[in-house]
Amino acid sequence: MGEPFFSHQHDAYRRWRERGGAHKVRFSGAVPVEGWVITGHAECKAALADPRLSKNSATEVFARRLGQDGSGGGGPGKGLTAHMLNADPPEHTRLRALVQQAFTARRVADLRPKIEARATTLLDALDGQEEADLISRFALPLPVAVIFDLFGASDEPGDPFRVRGNSTTEDGGDGEVSVLTAEAMLDRIRALIRHKRAHPGDDLLSALIAAHDDGDRLTEQEVTSMAFLLLVAGHQTTVNLITNGIHTLLTHPGQLAALRADPSLMRGMIEEVLRYESPFGIATLRYTTEPVTIAGTTIPAGEFVQIGLLAANRDPAVFDDPDRFDITRATPSRHLAFGHGIHHCLGAPLARLQAEVAFAHILRRYPGLRPAGPGHPPQWQHNARHRGLLTLPVRLR
Ligand code: HEM
């Protein structure tokens, strides 16, 4: 599946949804994904909470899958994948509880001034420019810097986490990283942890190292994997939320004007972007531990199931006129952009906060913001998991 599929994903998903059931597919692109895809909102929501769909990556089924594309099945990738998004209960329950203690609402709320300062610095660097690519200059560096702020550390220009595009195989939590990038990430995260052990502070990484519950602690490998999960799961997704939002507003000038006239629509706008162009196109890997019947299709045991979040969020059974971008839709929205059930996104409050700051800063600074022109049609990443643009060229004034 090449450019036409990635440019017209919503059309393909609509056809699958209208046919009903589950469909056997193979998405090519940067991260090849194969298995059964499900697209209806009710089926996707049920599947996200179905204990017969396992996320335990320490199994033969996963080893086969991850070994096949040479990524994450062994070697350095293995040191990064012992995290909760790759675990089932009771392991998942234990890991999530330990991390939740450290990743508190207060810690996220306290980040607001730092996010504001980061956004200001990045936009100051564009002063005097007529045009800019908002991904490379703003949306990509912002979330990495914010996660490093959360860790009580500073990101560096050469950091392996600042990757993007069709050439990267980096992914949201399945351990699908190229061996070279995985090695660089592992080295960087281990060095950060060593530093925090020696110099603990009031930050998330120090709290993860210290997290304990009835004498239980995160092992060294679990802290490393958790730091990796936060960096990776919290990065590309947030880049996509910010850029999909700006792109969608610029292509819907009436909605942009409404938001400029009434900034109280901001939170509803963020939920509508999450629904309309969900940053995670499909949820992370799950496989059947026994035969499972979904929407009339029986999927045998040991098969991968792709839960189509992008598709579910445009299901007309739940959303009126789902292909209409409408920032005044009722909130809370029933979108599944942050997943559902025990793996519901732990970073959702942080993602929403970053998006709010990013949109407010960009709209305030650039009253004349508009697309860079007809020579720059949007180019979507060739990646079924991540719904995001490769570049976002805009005219700033
Ligand atoms: C899980 C989406 C930002 C940390 C998830 C899942 C989704 C998701 C769909 C569930 C995946 C599944 O069940 O297969 C998003 C979106 C984001 C975002 C759309 C931005 C717009 C973040 C941020 C962080 C984060 C900023 C933290 C820094 C996590 C973690 C999990 C997770 C730790 C695993 C939870 C578990 O396994 O219990 N995210 N995420 N995410 N997300 Fe996010």
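A residue is called buried here if 20 or more other C-beta atoms lie within 10 Å of its own, exposed if 12 or fewer do, and partly exposed in between, with C-beta atoms placed from the backbone. By that rule T251 is exposed, because 12 other C-beta atoms lie within 10 Å of it. The model is predicted: local features need pLDDT of at least 70, side-chain atom pairs count only at pLDDT 80 or more, and totals for chains, interfaces and linings use all residues. Residues are numbered from 1 along each chain as its sequence is written.

## Overall make-up

The protein has 18 helices and 12 strands. Helices (H or I, at least four residues) and strands (E, at least two) are DSSP runs, numbered from the N terminus. Of the 397 residues of the protein, 46% count as buried. Two residues are in contact if their C-beta atoms, placed from the backbone, lie within 7 Å. Among contacts between residues at least 6 apart in sequence, 77% join residues at least 24 apart.

## Enclosed helices

Helix α13 covers residues 220-233, and its end C-alpha atoms are 20 Å apart. That agrees with the 20 Å that its 14 residues should span at 1.5 Å a residue; the expected span is 1.5 Å times one less than the number of residues. Because 12 of the 14 residues of α13 are buried, this helix is largely enclosed by the rest of the structure. The buried residues of α13 include E222, T224 and S225, along with M226, F228 and L229.

Helix α10 (residues 141-150) is also largely enclosed by the rest of the structure, because nine of its 10 residues are buried. Those residues are P141, L142, P143, V144, A145, V146, I147, F148 and L150. They pack against α8 (112-124), α9 (134-139), α12 (204-210), α13, α14 and α18. Just after α10, G152 takes a positive phi of about 70°.

## Packing of α14 and α18

Helix α14 (residues 236-250) packs against helix α18 (residues 348-365) at an angle of about 35°, and their axes are 10 Å apart. Axes are lines fitted to C-alpha atoms, for helices over the stretch in contact, and angles run from 0 to 180 degrees between N-to-C directions. The contact is made by T237, T238, L241, I242, G245 and I246 of α14, and by A351, Q354, A355, A358, F359 and I362 of α18. These residues divide into eight nonpolar, four polar and no charged. Ala, Val, Leu, Ile, Met, Phe, Trp, Tyr, Cys and Pro count as nonpolar, Asp, Glu, Lys and Arg as charged, and the others, Gly among them, as polar.

T251 is found in the loop between α14 and α15 (253-261). T251 and L369 are 118 residues apart in sequence, yet 11 Å apart in space, C-alpha to C-alpha.

A residue is near a molecule if its C-beta atom, placed from the backbone, lies within 6 Å of it. The ligand is surrounded by 25 residues, of which the closest are G234, T237, G339, C345 and G347. The elements that give two or more residues to this shell are α13, α14 and α18. By class, the shell divides into 17 nonpolar residues, seven polar and one charged.

## Loops and backbone geometry

One runs from P89 to P90, with omega near 0°, and P90 is in the loop between α5 (75-78) and α6 (91-102). The other joins T331 and P332, with omega about 0°; P332 is in the loop between α17 (309-312) and α18.

| Residue | Phi | Loop |
|---|---|---|
| A295 | about 50° | between β8 (292-294) and β9 (297-299) |

A295 counts as partly exposed, with 18 C-beta neighbours inside 10 Å. D321 counts as exposed, with 8 C-beta neighbours inside 10 Å.

G21 is in the loop between α2 (9-19) and β1 (23-27). With 17 C-beta neighbours inside 10 Å, G21 is partly exposed. Leaving aside neighbours within four places in sequence, G21 is in contact with A295, G296 and T297. G21 and G339 are 318 residues apart in sequence and 20 Å apart in space, C-alpha to C-alpha.
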